[in-house]
Amino acid sequence: MNLSVIILAAGQGTRMKSALPKVMHRLAGIPMLEHVYNRSIELGTDDIHIVYGHGGEHLHEYCSDFKVEWVLQDIQLGTAHAVLQASPNINDDRTVLVLYGDVPLIKSATLHALIDNVSTDTLALLTVKLDDPGGYGRIIRENNDVVAIVEHKDASEEHRKIKEVNTGILALQACYLNQCLNKIENNNVQGEYYLTDIIEMAVNDGKKVLTTQPENTYEVEGVNDRNQLARLERIKQRELAETIMAGGVSLADPERIDIRGDLDIGNDSFIDVNCIFEGNVRVGSKVTIGAGCIIADSTIADGCVIKPYSVLENATIENNVEVGPFARLRPGTQLKRNSKVGNFVEVKNTQLGEGSKANHLTYLGDTCLLY
């Protein structure tokens, strides 16, 4: 795809009350910025530009494996100014998609539909209708055609009654984007350079602004404080829970599971309440996981029973193994088929042979027990 993505991630996020850049706060176990980066990769692009500002050292350290161009915005002078830091480095023949590092739940299907509307004669804008549109830029239409966006602080009382608002996410051809960015002025209440001014410019140039909407409004919700982050966390976790239930897994309570990474689990398995899965976890079929278990970067084969409040980290468990309750499997643990690790047993860097048992109150470390 001839697509370039600009991710705006320069905001400090003062309402987070944190030394970390806002986009580095985690949702479902990974930074919000990584969610947006992953959606960009899913679109098939190999040209991603991240505009950063506050706390750049944190971004570079964590995101060192991202295949992106990092662009510094020294002073935050508005969204148009932010995009301008990256856009001159994008070839004119490409389509540019503008995303935001603090809008982590946007779906690739929504973005595909948006991009499909871009042509030499059109711009694509993602909008949403809200019951309470306060604070958002309003979509101004004439004869159902978009003619402008008015920011909330600049809007009249009549404009503020409009329910359709701008999400900030748009796509257009790079050559036209650069033409417009050089014309945008900061004659507004905030004294900032608004990217939304491009819409009125496009209309004046005879271009049509085509709009699409997300399936769910939470896709375009941004995070400004920890309350909003917690709200999106629960939405994401419910979505993940519904996905594994659709694959044939039973959950005691879909509201009480946390998946902080990638969980692949087979059908006819059961997960009790308050379990946490971190990193890459692979679980087979007909596995029972008791309440309060924490499982990180581990593989559990078919037919296993993990009893309540067990902790597994970098462990490999073969078929029909029983673990716990209150067991701790540390990195390097390998439990062969039909073996058993009982209550208050800790195992580290040890291979327990087929049919072997360590029933209770035991520490096994740096050894191989094959009996």
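In the predicted model, the lining of the largest pocket is made up of 19 nonpolar, 20 polar and 8 charged residues. Several secondary structure elements each provide at least two lining residues, namely the strands β1 (3-9), β7 (122-129) and β10 (164-173) and the helices α3 (79-86) and α7 (226-246). The greatest contribution to the lining of the largest pocket comes from β10, with 4 residues.

The second largest pocket has a volume of about 310 Å³. It is lined by 15 residues, and those closest to its centre are H35, K236, L240, G261 and D262. Two or more lining residues are given by each of α1, α7 and β13 (257-265). Helix α1 accounts for the largest share of this lining, 5 residues. By class, the lining of the second largest pocket consists of 6 nonpolar, 4 polar and 5 charged residues.

Helix α1 spans residues 32-42 and is largely enclosed by the rest of the structure, because 8 of its 11 residues are buried, that is, under 20% relative accessible area. The buried positions of α1 are M32, L33, E34, H35, V36, Y37, R39 and S40. Among them, H35 is also one of the residues closest to the centre of the second largest pocket. Just after α1, G44 adopts a positive phi of about 90°.

Note on methods. Residues numbered from 1 in each chain as written. Predicted model: local features only at pLDDT ≥ 70, side-chain atom pairs only at ≥ 80, totals over all residues. Heavy atoms only, no water. Buried < 20%, exposed > 50% of the residue type's maximum accessible area, 1.4 Å probe, protein only. Nonpolar A, V, L, I, M, F, W, Y, C, P; charged D, E, K, R; others polar. 1 Å grid on protein atoms, 1.4 Å probe; cavity = no way out; pocket = protein on both sides within 12 Å on 5 of 7 lines; lining within 4 Å. Points joined across faces, edges and corners; volume = space filled by probe spheres on them.
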